[in-house]
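Me: Hello! I am new to this structure and would like to learn how to read it, one feature at a time. Could you walk me through it?

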Amino acid sequence: MSTDYKLVIGVRLLKSVEKIMEQFTYKTTGTCAHLIHFERDAENRIHNISFEGGCNGNLKAIAKLCEGMKAEEINAKLLGNLCGNKPTSCADQLAKAVMTQIA
């Protein structure tokens, strides 16, 4: 009986740390990067951000800095950030991408 009890506790522990992640791809407009991929967890935190196209080093840095942030935090920090004389930027597009996926 003791062995069965430990097994049940082990299963519960696995379920409590299990994270459900939704995957998204966002098609950008007006930037060198043309796609943004990311995942969102049940707490609305953004993970595994990656860009296709654009300035590789800068976009990797943005992805690292935003890792684990809530979508609202990313939006507050990056929305409206412009690239040169363009009306948007990859950071601005990331802010828009994560906010379009909030249920």
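This is a predicted model: local features need pLDDT of at least 70, side-chain atom pairs count only at pLDDT 80 or more; totals for chains, interfaces and linings use all residues.

Me: Which nonpolar core residues have the most contacts inside the largest core?

Reply: Those are Ile49 and Leu94, in a core of 22 residues. Two or more residues each come from strand 1 (22–27), strand 2, strand 3, helix 2, helix 3 (71–78) and helix 4. Helix 4 gives the most, with 6 residues.

Me: How many helices and strands does the protein chain have, and in what order do the elements run?

Reply: There are 4 helices and 3 strands. Reading from the N terminus, the order is α-β-β-β-α-α-α.

Me: How should I read the strands?

Reply: Start with a general idea: side chains in a regular strand alternate between the two faces of the sheet. Then look at the pairing here: strand 2 (residues 33–40) and strand 3 (residues 46–53) are antiparallel, with 6 bridges. Arginine 40 has isoleucine 46 in strand 3 as its bridge partner. The hairpin of these two strands has 5 residues between them, and asparagine 44 takes a positive phi near 65 degrees there.

Me: Is aspartate 92 buried or exposed?

Reply: Relative accessibility is the value to look at, and under 20% means buried. Aspartate 92 has 3%, so this residue counts as buried. Aspartate 92 lies in helix 4 (residues 90–100).

Me: What does the side chain of aspartate 92 make a polar contact with?

Reply: Its partner is the side chain of threonine 88, at 2.6 Å. Beyond the neighbours within four places in sequence, aspartate 92 is also in contact with Leu78, Leu79, Gly80, Asn81 and Pro87.

Me: Where is isoleucine 62 found?

Reply: Look in helix 2 (residues 56–66). Leaving out neighbours within four places in sequence, isoleucine 62 is in contact with Leu78, Ala91 and Leu94.

Me: What can I read about the protein chain as a whole?

Reply: Of its 103 residues, 33% count as buried. The chain exposes about 6,900 Å², and carbon and sulfur atoms supply 59% of that area. Among contacts with a separation of 6 or more, 38% come from residues 24 or more positions apart.

Technical notes:
Residues are numbered from 1 along each chain as its sequence is written. Side-chain values use heavy atoms; hydrogens and water are left out. Buried means under 20% relative accessible area, exposed over 50%, partly exposed in between (1.4 Å probe, protein chains only). A polar contact is a pair of N or O atoms within 3.5 Å; within protein, one must be able to donate a hydrogen and the other to accept it, and residues adjacent in sequence count only if both atoms are side-chain atoms. Contact means heavy atoms within 4.5 Å. Two strands pair if DSSP finds at least two bridges between them. Accessible areas come from the Shrake-Rupley method with a 1.4 Å probe; for residues, only the protein chains shown count as cover. A nonpolar core is a set of buried Ala, Val, Leu, Ile, Met, Phe, Trp, Tyr and Cys residues joined through side-chain atoms within 4.5 Å.
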